[in-house]
Amino acid sequence: MSGEQVNVVWLGSPTFPKAAHEALQDTQLRGNLKHATTTIRDKRLRAVAELDDWETLRLAGSQIKDRVMRHLDEYLLQLEASVTAAGGVVHWAEDAREANRIVAELVRAKGATEVVKIKSMATQEIGLNEALDEEGIEATETDLAELIVQLNDDRPSHILVPAIHRNRTEIRDIFRREMGKHGVPAPQDLTDEPRVLAEAARVHLREKFLRATVAISGANFACADTGTVGVVESEGNGRMCLTLPETLITVMGLEKVLPSFSDLEVFLQLLPRSSTAERMNPYTSLWTGVTPGDGPQEFHLILLDNGRTKTLADTEGRSALHCIRCSACLNVCPVYERTGGRSYGSVYPGPIGAVLTPQLVGVGTSEHADSLPFASTLCGACYDACPVRIDIPEMLVHLRAKVVDSHRGGVPKPEALAMKGAQVVFGSPRRLAMAERLGAVGGRIIGIGGGRWLPGPAKKWTGARDVPVPAKESFRTWWRKAGRG
Amino acid sequence: MSEAKDRILARVRSALRDVPRDERAQDVEVTRDYVDSHATGDVADLFVERVEDYRATVVRATEADAPAEIARILAEHAVANLVVPPGFPDALVARYQGSRLSDDPPLTPVELDASDGVITLAARGIALTGTIVLDAGPGQGRRALSLVPDLHLCVLRASQVAADVPVAVRALTPSRPTTFISGPSATSDIELDRVEGVHGPRTLIVVLISG
């Protein structure tokens with residue numbers, strides 16, 4: 001087994017129902033989220049509709065990922081060989097701690113005390129910034145949304161747009177208050193116009209880009225055959241980090257490897273349209289090892305496990321590793337739209353987070369992670385939107401079963417009890433009829449109180465959901481009365 | 001380091017026990033029934049339309065009037081200090097009146113930042129997505145040149161424009177540092193509203209030379 005994993009989930013996170021309950025009271029958050037997800041949903045549909053072979057591309061994307069996962073060991077070795085041949089150095093990290101240690105040592109060897117960073121899920125997952133901070137190294141996030149989150153000492157709430165929970169006025173206030181503490185301050189007359197806010201970020205960060213000697217990035221893909229690594233972005237902060245410093249350190253999840261450079265022809269069509277809903281994102285950088293006279297002259301690629309091999313071992317959960325982090329599933333999810341990303345208590349929120357998080361940390365190891373597969377209505381919108389056809393609903397059901405199984409032997413979970421009870425009741429028409437009559441009586445009682453909660457073990461269920469008041473008579477009773485029995 | 005590698009690979013192999021031993025990677029089916037190009041009509045026209053969709057400017061010119069068009073654009077944007085990469089054709093900037101910054105010896109990031117703009121060639125264009133592709137070839141310069149200055153004027157020949165992404169990707173040389181540029185730098189991080197102009201050049205102008 002791998003070592004202890006940290007930071008996929010935020011320590012001390014409450015279970016999803018509890019966190020969601022609080023998030024739902026926040027009307028500002030709900031307004032921001034509804035506006036943002038609705039906008040991006042419509043845009044994505046238009047971008048996807050432009051390609052009449054979209055389903056064929058999705059299928060190819062999913063098959064390529066399937067091929068990678070089934071032969072991951074071969075592709076990783078091939079990638080290591082081609083990156084090394086191109087002048088890069090490959091490191092292997094079993095868990096977060098090991099990856100953080102490697103990065104810190106590389107930074108220290110360069111004598112640097114500050115680094116610039118490209119937004120990356122992998123480095124967030126391993127809590128790199130906090131780990132570097134403990135080593136006296138200041139890491140500055142350079143993606144606009146990550147900068148907003150970092151300046152406010154906040155937590156991200158979306159894979160693509162981590163500050164989706166903040167509106168323009170909140171962002172202006174954060175910039176005014178915090179920028180000066182970390183470098184070039186925001187201008188006094190800063191307005192909340194997005195253009196003006198982006199300009200403030202440009203000025204604040206440019207000084208850091210021009211000075212930086214070490215940059216840290218993630219990777220969207222790495223081609224095993226050529227050793228080419230790619231980063232897809234919009235703002236140009238990525239290019240700054242990938243181009244100006246002398247040393248580049250890239251932290252990449254094992255699963256990001258692609259068999260061949262030519263596979264980019266599939267993913268460069270799938271990713272931008274699913275993610276920012278554009279025909280193409282503004283900037284895509286591809287680099288292969290080190291190029292004399294152009295860009296960093298030292299390149300380190302850290303291959304990160306941190307729970308991925310555990311996920312790989314579950315044949316039904318394996319395809320969660322196909323994820324290309326586009327975030328389309330978040331934007332279409334009715335649960336995400338209402339609760340926001342922070343309720344998931346994980347670096348990976350939304351539908352993909354609900355299947356990835358418990359697998360990365362291990363089912364049955366954390367009450368919080370175990371609650372995530374239940375954070376879904378199983379409506380299937382995520383599966384339809386996924387550019388690599390990850391069947392998230394089916395995987396959620398699979399993981400729910402695993403969560404229930406993992407609690408067998410101890411005190412049974414309410415879900416298990418409920419299912420047991422249902423089995424008994426539905427197993428006999430007589431018992432079902434009796435249950436329905438009881439339900440009708442219970443319905444009247446619930447109705448009288450005006451309350452919508454249930455006592456006992458069912459309290460947990462109703463803590464996150466309103467109980468529909470049962471009908472005053474059952475379908476069977478009505479059927480009989482209507483003289484059709 | 002190698003211990004971690006061995007342990008990770010061992011875990012990968014044990015996780016993949018369900019994969020038959022004699023299965024080769026290429027045995028896993030990948031159906032490549034997608035089209036090579038979605039483009040219809042004239043490729044150059046489509047390229048112009050799609051680049052302009054990103055609020056970049058495209059100027060079409062013939063070989064003969066390109067130098068005058070380039071000089072006009074640079075004057076219009078008050079470019080007095082222009083970065084000219086090694087290998088950029090002299091003839092194309094012959095009419096430009098301002099001073100030129102050579103990258104040999106290499107300009108520092110601060111010097112690049114102090115310039116008014118950069119002019120480059122490109123390796124390729126992609127019509128459907130309105131993309132220009134730079135691969136640090138002659139006349140394009142190293143990657144920092146097309147990044148740090150606030151204005152990027154890119155000169156491309158219509159014959160270099162590929163119809164769509166698959167065709168363009170197949171023509172790339174993987175070992176070269178490659179940058180796909182689709183419009184000026186942009187962000188959608190504030191309320192998912194697109195704002196052009198963050199860290200990369202805020203002004204992107206493409207001169208498309210016909211023929």
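1. In chain A, strand β2 (residues 114–117) and strand β4 (residues 214–217) pair in the parallel sense, over two bridges. Val116(A) has Ala215(A) in β4(A) as its bridge partner. The model is a predicted one, and the points below should be read with that in mind.

2. The pair β2 and β4 belongs to an open sheet of six strands in chain A, with parallel pairing and the order β1-β10-β7-β4-β2-β3. At its edges stand β1 (89–93) and β3 (138–141) of chain A, each of which pairs on one side only. From one strand to the next the twist averages 25 degrees.

3. Which strands does helix α5 of chain A lie across? Helix α5 (residues 96–109) lies across β1, β2, β4, β7 (247–253) and β10 (298–304) of chain A. Relative to β10(A), α5 runs at about 170 degrees.

4. On the division of the chain: chain A is split into domain 1 (16–304) and domain 2 (415–481). The centres of these two domains of chain A, taken over C-alpha atoms, are separated by 48 Å.

5. After α16(A) comes Gly362(A), which has a positive phi, near 100 degrees.

6. Is α16(A) mostly covered or mostly exposed? It is mostly covered, with 12 of its 12 residues buried. Among the buried residues are Ile352(A), Val355(A), Leu356(A), Gln359(A) and Leu360(A). The cover over the buried residues of α16(A) includes α13 (308–313), α14 (328–332) and α15 (334–339) of chain A, as well as α17 (367–371), α18 (381–385) and α19 (392–406) of chain A.

7. Turning to the interface, 76 residues of chain A are in contact with 64 residues of chain B. Helix α3 (residues 54–70) of chain A gives the most to the side of chain A that touches chain B, namely nine residues. By class, that side of chain A has 34 nonpolar, 25 polar and 17 charged residues.

8. Strand pairing also links the two chains. Strand β9 (residues 283–288) of chain A and strand β9 (residues 178–181) of chain B pair in the antiparallel sense over four bridges. Which residue of β9(B) does Thr284(A) stand opposite? Thr284(A) stands opposite Phe180(B).

Terms used
Residues are numbered from 1 along each chain as its sequence is written. Chains are lettered from A and ligands numbered from 1 in the order in which they are written. This is a predicted model: local features need pLDDT of at least 70, side-chain atom pairs count only at pLDDT 80 or more; totals for chains, interfaces and linings use all residues. Two residues are in contact if their C-beta atoms, placed from the backbone, lie within 7 Å. Ala, Val, Leu, Ile, Met, Phe, Trp, Tyr, Cys and Pro count as nonpolar, Asp, Glu, Lys and Arg as charged, and the others, Gly among them, as polar. Two strands pair if DSSP finds at least two bridges between them. Domain bounds come from an automatic or database domain assignment. A residue is buried if 20 or more other C-beta atoms lie within 10 Å of its own, exposed if 12 or fewer, and partly exposed in between; C-beta atoms are placed from the backbone. Axes are lines fitted to C-alpha atoms, for helices over the stretch in contact, and angles run from 0 to 180 degrees between N-to-C directions.
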